[in-house]
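Colleague: Before we set anything up, could you show me the model and then take my questions on its fold and core one at a time?

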Amino acid sequence: MQRIRAPSTPEQGSPVIYLQHGILSTADCWIGNYAHNSPAFVFALEGFDVWLGNNRGTTHSLKHKTLDPSKDKEFWNYSFVDLGKFDVPAQIEFALNSTAEEKLTYIGHSQGTTQMFFALAENEDYLKERVNLFIALAPVIRLSNAKDGLLGYVSDHESYVESALSKLGIHDLFSHDWDRRYGFKMICNVIPFLCSTGKYFFITSQTDYNDQSRINISSSKFPGGTSVKQLIHFAQLIKDTSFQYFNYRDPELNEAAYGPEFRDQPPTIDLTRIQ
């Protein structure tokens, strides 16, 4: 995590805000513009104690006590379920313990909302004692209408994409040093659509929305990486239409992960639990 405070803001006693980025991004997304329109700086200048979260597998979150992300595929065995179950509570606890505050405000963008929705559905009692407000920017729960682009392709060709990348020993996407380790040319030869549509994560025809003076800054920080499992899980939300746990597409694996009653379909994440 990173922390930003204005010089006049005391180390303890100020309202705490926790900002959580979206998929393939990092905490850099909150500080990539000028101070007057970068959310983290704006909040800091208003007297907030600002904490920036970095999900596992991103540029600033590649350390592990026992696993090496460049060698151990188990490091990349996660999706937004794990981010909501482990990463969100851990980062909230760290921020609150560091500031001696009882509660904070959570602002998530895209995937940053998905992991929080999961966390609330599964552990609301814990979080309501620690979070005073949840602000969801571009929230993502269901993607049944998002059938175009990269996620749509992965949804339609899930088995092929997962199998091809696994055979190549690739378990992460666009993470630190990704091009040197795997090579874009090799990946694009095996799964051309991954490259031809992947560019739309980085390039938009709507140039009116781009601050040309910050393009170099943005492109130097994005993408920040994610796991293949994470991308596939989001793609599953298109085909399976419900907000649910990862579907292993194998009855035995589903049973091992979730129990015999979920051999054919993983559990649904029950958002009605959120009050």
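Colleague: How many helices and strands does the secondary structure of the protein come to?
Modeller: Please keep in mind that this is a predicted model. Counted as DSSP runs, the secondary structure comes to 11 helices and 7 strands.

Colleague: What percentage of the residues in the protein is buried?
Modeller: The protein has 275 residues, and a residue is counted as buried when its relative accessible area is under 20%. On that criterion, the buried share is 45%.

Colleague: Which element gives the most residues to the largest nonpolar core?
Modeller: That core has 29 residues, and F80, F243 and I269 are those with the most contacts inside it. The elements that give two or more residues to it are α2 (80–99), α3 (111–128), α4 (149–156), α5 (158–167) and α10 (228–239). The element that gives the most, with 7 residues, is α10.

Colleague: Leaving aside neighbours within four places in sequence, which residues is F243 in contact with?
Modeller: F243 is among the residues with the most contacts inside the largest nonpolar core, and contact here requires heavy atoms within 4.5 Å. With its neighbours within four places left aside, its partners are F80, T114, F117, F118, I141, R142, L237, T268, I269 and L271.

Terms used:
Residues are numbered from 1 along each chain as its sequence is written. This is a predicted model: local features need pLDDT of at least 70, side-chain atom pairs count only at pLDDT 80 or more; totals for chains, interfaces and linings use all residues. Side-chain values use heavy atoms; hydrogens and water are left out. A nonpolar core is a set of buried Ala, Val, Leu, Ile, Met, Phe, Trp, Tyr and Cys residues joined through side-chain atoms within 4.5 Å. Buried means under 20% relative accessible area, exposed over 50%, partly exposed in between (1.4 Å probe, protein chains only). Helices (H or I, at least four residues) and strands (E, at least two) are DSSP runs, numbered from the N terminus.
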